[in-house]
Number of protein chains: 2
Amino acid sequence: MSKSSVTTTAPSRLAVMNFLNEVADDYPNAISFASGRPAENFFELDDWLGAIPRFQRHLTARRGADLEDTGRWLAQYGRTNGLINDLVAAQLQVDEGVPATPERVVVTAGCQEALALCMHALCKRPGDVVLARCPTYIGVTGVADLAGISLHALDEGGDELAAQVRHAAQALAAQGRRARALYLIPEFDNPTGSVLPRAAREAVLAACAELGIVILEDNPYGMFRFDGEREPPLAALDDRGVVIYLGTYSKTLCPAVRVGCAVLPPTLFGDAAASAALLAELGERKSFLTVNTSQINQALVGGVLLAEQGSLARLVAAPLTHYRRNRDALVDALALHFRGTPVRWNRPAGGFFLTVDLPFAFERREVLRCAGEYRVIPMPMTFFSLGGGHRRRVRLAFSNQTPESIAAGVERFASFVHDHMEVAS
Amino acid sequence: MSKSSVTTTAPSRLAVMNFLNEVADDYPNAISFASGRPAENFFELDDWLGAIPRFQRHLTARRGADLEDTGRWLAQYGRTNGLINDLVAAQLQVDEGVPATPERVVVTAGCQEALALCMHALCKRPGDVVLARCPTYIGVTGVADLAGISLHALDEGGDELAAQVRHAAQALAAQGRRARALYLIPEFDNPTGSVLPRAAREAVLAACAELGIVILEDNPYGMFRFDGEREPPLAALDDRGVVIYLGTYSKTLCPAVRVGCAVLPPTLFGDAAASAALLAELGERKSFLTVNTSQINQALVGGVLLAEQGSLARLVAAPLTHYRRNRDALVDALALHFRGTPVRWNRPAGGFFLTVDLPFAFERREVLRCAGEYRVIPMPMTFFSLGGGHRRRVRLAFSNQTPESIAAGVERFASFVHDHMEVAS
């Protein structure tokens, strides 16, 4: 087989984690494009903490109790699947076009918990495999490695994704294994920045419905579109019970809230009982991992959603403008320094990440040289690869930057690239 | 073998979970001794939220930044192993006598996450087994079942615990399996309320050191001692690198903070590198489950610890008095109604739970009859059993009650017991 399933080895995953965590600290004078953290100058933590009493009043009315009693109730253990499911479902409907209903929402301690719960619940047998485009988000690789779940790499491409899914499912079945889930970030993918075209969404939904493969649709960046019209999320196109939608408030509010969610479809491939059983299993698994998502954090998110009349569109307007300006600055700087060279890049229509293709391999050694000698840190794409490929690509995160730092960083990166190519030629 | 390893089956675990979650709702007029929730009339959520700015000022000084910058930093992603490790370590030293140091602390999303991370990291091979006294806390059973980790039941007893551990380790080794960890709540055990005597602590430490078995010492109730002198925690007696200490702020503050911790020993059985590797692995596993514990929640706990000069002794004084009064009310009511009968009970020196031994089996059917006809809900001990034993025992949680509700509840329970014995005789 040309494309076998790979479970990345612990050292490479650890290397990436350590790299992500340490490289910026090790080179404090470098401009880092490594980490896709949200821009922190838009965090309004004091305001958001101030929204907790608003939620408390709302809850008091809902419970028919007094405010003090509700405060004590809020501080107690809570329902495993969440307290603000109605507000979350409503926001997902309005802001993301996801047809969520409260009883199908599990509120989680960040989206990563939702992803881990789903992967654990869906892949219980040794031959159960998760399909993922390659390169992919490291959170998937990490869960798979730690739980001993095999990943099967799909080429990153868009239009032929459904064909790849069919081919992979067949190849796995021939080995007595099962493709159980497909992990996807259709909007502004991490790490590539790409958007899955509408036709490809329809095709991959049809393929997965036919093959009984659950799509884990992760959508952290959907509210950060710079150009063009929003594509409907897979969850909105799904009328066959294929898609579990994963959401997060880490990017629209801030990471410290640690509130995310999974939204299950009304049926699993037409079977309502199967969806209900999966929902119950996610709750059970959560009850033995984090018990319930902090009701303080849920009250904060709930209070903000109440204050914002159910939509985060107003709150993300300023960071969206910031991210668009950064994307523009990055594309402009790349054009300035690399036009007429073999270097290529994409122009992401949203999100936090851009991909640059280089005419030479850029891996650990190159990034350390960049950081040390040129004071700029691009992220080798091979770090996100499932099998060590994508050696000539880098990911540039432009979210937690300024146009000025981007211009300076690309200039430094261009110096490295030109020097490197000169030596090589 | 008379005592084989058991992995409890999913239905029984689910039954317990559902029972715990639903029975009080299903019988709203019943007095419930089922759930060991902390007493909520001592929760001061508004005050504790008000401690966040205090921590923010503290952090600002530590970082040498301005307050606003620190607020944004706090709202961002954080260090996987925690932000308030120094304050947690200091509090554990002062309040619990645990020789913790900040760099050996992992701050977790509640103690349950700490327990799950440790069990996952310690039991990676199919033959790896966790020893637990029977009956035991359902959080252990749940993690084991969901991760496919085998549990081996030890008799509940105290003084002969070390001998049981040796015997179990031998029996497992004969099967080609390995006893990897021993789960213990030495102070005011859940579900039994018992305290492990000092000599038994020393003996079990020696046995585990010799056999290479990590002790997971869970101590949620240590600060709630009613009578007598505190026994040192196993972590304080451990000079051989045997004990991982698990802590929580759910009982001393409130469950909604969802902040707990694991404290690793300086060495694992004398091997400092092994302890460091385990610490790194816990962090890695955490990074793919909850990323990091919410810095908002950590700031709340940190702010309270700063406000209280590092100790929670003052804060727990009032709930401690409340719990002691409830224990007294419970013991008095039991004596009033059951003196001269075959019913027996213990007098726990602290914690949230008391055990009653009945002269007949008390299981699902009996508790439903109690709840429906007698409007009182005791918890069948067999729900906490690893192999279905302890059928003639119940657990009475007295934490979230009043002396009046306890007196009324025991009176109702006594009616049931007398009626039941009359029918049986």
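Predicted model: local features only at pLDDT ≥ 70, side-chain atom pairs only at ≥ 80, totals over all residues.
1. Symmetry of the two chains. Chain A is superposed on chain B by a rotation of 180° with 0.0 Å of shift along its axis, and the RMSD is 0.0 Å. The two copies are thus related as by a two-fold rotation axis. The same surface serves both copies, since 100% of the contact residues of chain A recur in chain B.

2. Packing of H6 and H11 in chain B. Two packed helices are described by the angle between their axes and the distance between the axes. Helix H6 of chain B (residues 111-122) packs against helix H11 of chain B (residues 272-287) at an angle of about 120°, and their axes lie 10 Å apart. The crossing in which H6(B) passes H11(B) is right-handed.

3. Residues at that contact. On the H6(B) side the residues are B:Glu113, B:Leu117, B:Cys118, B:His120, B:Ala121 and B:Leu122. They meet B:Leu278, B:Glu281, B:Leu282, B:Arg285 and B:Lys286 in H11(B). By class, the contact of H6(B) with H11(B) has 6 nonpolar, 1 polar and 4 charged residues.

4. Length of H12 in chain B. Helix H12 of chain B covers residues 295-307, which is 13 residues. From its first C-alpha to its last, H12(B) reaches 18 Å, close to the 18 Å expected at 1.5 Å a residue.

5. Burial of H12 in chain B. How many of the 13 residues of H12(B) are buried? The number is 11, and the helix is mostly covered. Among the buried residues of H12(B) are B:Gln295, B:Asn297 and B:Gln298, together with B:Ile296, B:Leu300, B:Val301 and B:Leu305. B:Gly302 and B:Gly303 of H12(B) are also buried.

Technical notes
Residues numbered from 1 in each chain as written. Chains lettered and ligands numbered in written order. Heavy atoms only, no water. Least-squares fit on C-alpha atoms with pLDDT ≥ 70 in both. Contact = heavy atoms within 4.5 Å. Axes fitted to C-alpha atoms, helices over the stretch in contact; angles between N-to-C directions. Helix = DSSP H or I, 4+ residues; strand = E, 2+ residues; numbered from the N terminus. Left-handed = near helix turned anticlockwise from the far one by under 90°. Nonpolar A, V, L, I, M, F, W, Y, C, P; charged D, E, K, R; others polar. Expected span 1.5 Å × (residues − 1). Buried < 20%, exposed > 50% of the residue type's maximum accessible area, 1.4 Å probe, protein only.
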